[in-house]
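Here's a quick briefing to read alongside the structure. Have a look at the model first, then we'll walk through a few packing details.

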Amino acid sequence: SFFRTFTSFKTSLEQRQAWPAGYALFVFSKDNPVRKLCRSILKFEVDVGKGHKTKVFDNIILLCILISTVCMAADSPLANPQDLSTQIIRAADEVFAVIFIAEMVIKLIALGLIWGRDAYLKSYWNWLDGIVVMVSIINMVSSSQTGFLKTLRILRAFRPLRVISRNENLKIVVTTIFASMPPLLTLVIVAMLFLLIFALFALSYLSGTFYTCDLATSPALMREMGKDFTTPLCMPDSIDQAAVSGGLMHGSFDPLLSTWVGNNSGCPASHNISYVRPTSDTPICIGRCLPQGYSQYMQPEWLCPKGLTMTEELPAACPASVERNISAAEQRGLDYVDAMTRQLVLPCGGSMVDANGQVVMTGKNMSCADLFCGEVDQETKWRCSAACKSAPYFCVDACGPGLEGSAQCESCLMECEAQCRCPEFCEGLIRDAALCLEQGSRWLPTISQSFDNIWYAMLTLFEISTTEGWVDVMYSAADSMGPYVQPKRDANETLWVPFFMI
């Protein structure tokens, strides 16, 4: 094999008495004066008292490493390059780079690169030194400040680690740590299995529950209106370049009467189509734009504009109260930000059930799926149809026992399938989440952690195992009422408080 051939070749070279045996870099023999000088530099020692000696060369390099590390920590990419202190620090960095290059050259000549008992590459610590030096060389010869070379300069952060190779006690500590890795890996696997068990349990009950309505518009949720309430909406008859607008709520909630009022009159002229979901678990969609390149579907520029290309287009950080002239380029940037951050309340597919109990496509012209994704392939339609028939939350009540062929079930499945065909742009919401968005508020995460999938669940449990944020997670779990349902204070404290405390 290749490895056996290479080993045999290496052995034959090491046993040779003539060239290249004993030569460094195939050039410097053992009696070469340059190589003798390099060896004497490495071995030169001074007496520090009490019979102890120390190598001068290693201590000088150690001092250079420490000073270089301090300079690297004091430097900043945002520092003014014309500032005197910045110029001194960056000039010192180049000086130290030259010193480290000289150190590497001296070692290569004295020890050799590959062949020999103490060859340079036979020490892993020299590998670390060599990588840092090569990065310094690239940094010196390259003037590029972007791309791969800029990323490569991050490896200069390894420079402080070179201290380890010059301190035997630190070497022993690091070697011991690496030697203990295999037994520790077994313990890590056992700990991850325990985390996985608890993560699966939490995932089953807490997935999609760490969300709440911000109540910015005092919306009427299920606790005020009952679990079957859906918000009456007024939709535009179409959405085009002239007017990009989602649905508006028809009427308002009267907290004194605990009822919905004001929806007996007709919708305004700009939103003259009445729309209402047949059941509370029929999804309403929130349409959002994505930056170009993040999806296979292409939207018209009047709906989702192209990204900004000039710094002049970036909106200023000045508050709205500051009077100033806004350039045409900045106005394009402001329009872009508005378009990319707006949320359009839209029917997912546009179907609803009319007064006669028939499914009608009242909102087809402004459906989220058609607006953002258009027509999709037949395979996607079949996949979404199968997924919605077994969806864990959507259409569970609409297609309950005895309602499988009803109009409300048919309409709900159509909306579910439409949302499934365009999930990147159209987020389907039901129950309290849908009521919250339909009435102008926002459905937001309660905390940054979640149990929405197994990865998030294990990450959350790992984080709280360090006692970081476990109280917030426990409170959110104790308040949870279920997916798409507004949390209620201490609704499940008897289950989740002991779970997270244990």
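Which residues does Arg-277 touch, not counting residues up to four places away in sequence? In this predicted model, the answer is Thr-230, Thr-231, Thr-282, Pro-283, Ile-284, Ile-430, Arg-431, Ala-434, Leu-435 and Glu-438. Here's the rest, by topic.

**Arg-277**
- You'll find Arg-277 in the loop that runs between strand E8 (273-275) and strand E9 (284-287).
- With a relative accessible area of 2%, Arg-277 counts as buried, because the cut-off for that is under 20%.
- Its side chain gets to the backbone oxygen of Thr-282 at 2.8 Å.

**Helices H3 and H4**
- H3 (residues 56-74) packs with H4 (residues 84-111) at an angle of about 150°, and their axes are 10 Å apart.
- An angle over 145 counts as roughly antiparallel, so that's the label for H3 against H4.
- The H3/H4 crossing is left-handed.
- Among the contact residues are Phe-57, Ile-61 and Cys-64 from H3, plus Phe-96, Phe-100 and Glu-103 from H4.
- Sort the residues of this H3 and H4 contact by class and you get 13 nonpolar, 1 polar and 1 charged.

**Helices H12 and H13**
- H12 (residues 378-389) and H13 (residues 407-421) cross at roughly 125°, with axes that come within 9 Å.
- That angle makes H12 oblique to H13.
- The H12/H13 crossing is right-handed.
- H12 brings residues including Lys-381, Arg-383 and Cys-384 to the contact, while H13 brings Leu-413, Cys-416 and Glu-417, among others.

Conventions: Residues are numbered from 1 along each chain as its sequence is written. This is a predicted model: local features need pLDDT of at least 70, side-chain atom pairs count only at pLDDT 80 or more; totals for chains, interfaces and linings use all residues. Side-chain values use heavy atoms; hydrogens and water are left out. Axes are lines fitted to C-alpha atoms, for helices over the stretch in contact, and angles run from 0 to 180 degrees between N-to-C directions. Helices (H or I, at least four residues) and strands (E, at least two) are DSSP runs, numbered from the N terminus. Angles under 35 degrees count as roughly parallel, over 145 as roughly antiparallel, 65 to 115 as roughly perpendicular and the rest as oblique. A crossing is left-handed if the near helix is turned anticlockwise from the far one by less than a right angle, and right-handed if clockwise. Contact means heavy atoms within 4.5 Å. Ala, Val, Leu, Ile, Met, Phe, Trp, Tyr, Cys and Pro count as nonpolar, Asp, Glu, Lys and Arg as charged, and the others, Gly among them, as polar. Buried means under 20% relative accessible area, exposed over 50%, partly exposed in between (1.4 Å probe, protein chains only). A polar contact is a pair of N or O atoms within 3.5 Å; within protein, one must be able to donate a hydrogen and the other to accept it, and residues adjacent in sequence count only if both atoms are side-chain atoms.
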